[in-house]
Amino acid sequence: MKKIGVLFGMENTFPGAFVDRVNAMEIEGIQAEFVHLGGVHMAEPSGYAVIVDRISHDLPFYRSYLKNAVLTGTQVINNPFWWSADDKFFNYALAKKLGVAIPKTVLLPHKKFPPQINERSLRNLQFPLDWDGIFEYVGFPAFLKPHDGGGWRDVFHVHNREEFFHAYDQTRDLCMTLQAAVNFKEYFRCYVVGQTDVRIMPYDPRRPHEQRYVLDPPCYDDKLLKRVEKDALTLCKGLGYDLNTVEFAVEDGIPYAIDFMNPAPDADLHSVGKESFEWIVDKVAKLAVKKAQSSDKKHDLNWSAFLAPSSKKSSAKSAPKKETKKKAAKKAAKKG
């Protein structure tokens, strides 16, 4: 029996619906359940073919457990090694390299450093910082936000230098980014599952949190929606995430990717709405089953597969051709 587990925290609607959907498929040899664990023995199998991770970003014990599970053959959605290494500033840089529109963004030094850090530890850091150059590049209004945060925590909307420094003084020892604001007309939050399926959900970040999904949206231009879908897939394939949400703010018809490091995205029935909830549950269940069915195959744990898949494939394809040419040359020599 191959088991599919879901590891979760306070959420109530998705985990149970996911388990029920997988089991309702009645696929022989596959069963879904809530993950149950205690003390974790090193290098011992978890007992799960697949685990859907909804909580390890908040609990280091779970994250370490999942890494051990991957080491012993479990496929985890999403890969805990890459998730641990990722951050939003890197994502912005990668997106730009991939040709996705990104607002101008600058990574900033911490306002306050940990107690063990002193002036001698900062000898590589420019001081004073070229604030004028930074503000000229990014412009105002802008958003000051953590380089790896989530849930709109510690995010400040600033309109001038004074507001920026007032906000920056409140960021404690967080590493922050300053990003140009997009004067958006349309805003989308896209669910991406398996790096293949996209559900574009109209969204309004200006509303109260529980009302941000727009359940009665207007009609949108097909060309815009196609670009949003294409860019969402490009980003998730580039990052290697099998489950993610990508947010786009649209200004003058251009979708700017604002946030796309959400490997445990909101999937609550009461916030995303019934139709989107059913879509999410169905797609994630099918993805988990597909992974469980392929769990006997050996899976590459090399992170370079996420960051440079094309070069790896091209080198693998070119090798046989070179070998064929050598064989041809030898045959020709023998005939001569």
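Colleague: At what angle do helices α5 and α6 pack?
Modeller: This is a predicted model, and in it α5 (residues 131–138) packs against α6 (residues 161–168) at about 110°. Their axes are 12 Å apart.

Colleague: Are α5 and α6 roughly parallel or roughly perpendicular?
Modeller: Roughly perpendicular, because angles of 65 to 115 degrees count as that.

Colleague: And which hand is the crossing of α5 and α6?
Modeller: Right-handed.

Colleague: What about α4 and α7, how do they pack?
Modeller: The angle between α4 (residues 88–98) and α7 (residues 222–239) is about 120°, and their axes lie 10 Å apart. That makes α4 oblique to α7. The crossing of α4 with α7 is right-handed.

Colleague: Is D231 buried or exposed?
Modeller: D231 is buried, because its relative accessibility is 4% and the cut-off for buried is under 20%. R227 is partly exposed, with a relative accessible area of 32%.

Colleague: How many salt bridges does the structure hold?
Modeller: There are 16. One of them joins R172 to D154, with the closest N and O atoms 3.3 Å apart. R172 is in the loop between α6 and β8 (176–180), and D154 is in the loop between β6 (142–146) and β7 (156–158), so the pair ties together parts that are 18 residues apart in sequence.

Colleague: How exposed are R172 and D154?
Modeller: R172 is partly exposed at 42% relative accessibility. D154 is also partly exposed, at 28%.

Colleague: Which residues are linked in a network of salt bridges?
Modeller: R21, E278, D282 and K286. Within that group, the side chains of K286 and D282 meet at 3.2 Å, N to O. Those two residues lie in α9 (residues 274–293), 4 residues apart, or about one turn of the helix. K286 is partly exposed, with a relative accessible area of 46%.

Colleague: Changing topic: which residues make the nonpolar surface patch?
Modeller: V40, L59 and F61 make a patch of about 230 Å².

Colleague: Where does L59 lie?
Modeller: In the loop between β3 (50–53) and α2 (60–71). L59 counts as partly exposed, because its relative accessibility is 36%.

Colleague: Now some other loops. Where is P114?
Modeller: P114 is in the loop between β5 (105–108) and α5. With a relative accessible area of 27%, P114 is partly exposed.

Colleague: What separation is there between the C-alpha atoms of P114 and D173?
Modeller: 6.7 Å, although the two residues are 59 residues apart along the chain.

Colleague: Last one, Q211. Where is Q211 found?
Modeller: In the loop between β10 (197–202) and α7. Q211 is partly exposed, with a relative accessible area of 43%. Its C-alpha atom is separated by 9.1 Å from that of V272, and Q211 and V272 are 61 residues apart along the chain.

Key: Residues numbered from 1 in each chain as written. Predicted model: local features only at pLDDT ≥ 70, side-chain atom pairs only at ≥ 80, totals over all residues. Heavy atoms only, no water. Patch = residues over 30% accessible without salt bridge, like charges linked within 9 Å, V, L, I, M, F, W, Y side chains within 5 Å. Areas by Shrake-Rupley, 256 points an atom, 1.4 Å probe, with all protein chains shown as cover. Salt bridge = Lys/Arg side-chain N within 4 Å of Asp/Glu carboxyl O. Buried < 20%, exposed > 50% of the residue type's maximum accessible area, 1.4 Å probe, protein only. Axes fitted to C-alpha atoms, helices over the stretch in contact; angles between N-to-C directions. Parallel < 35°, antiparallel > 145°, perpendicular 65-115°, else oblique. Left-handed = near helix turned anticlockwise from the far one by under 90°.
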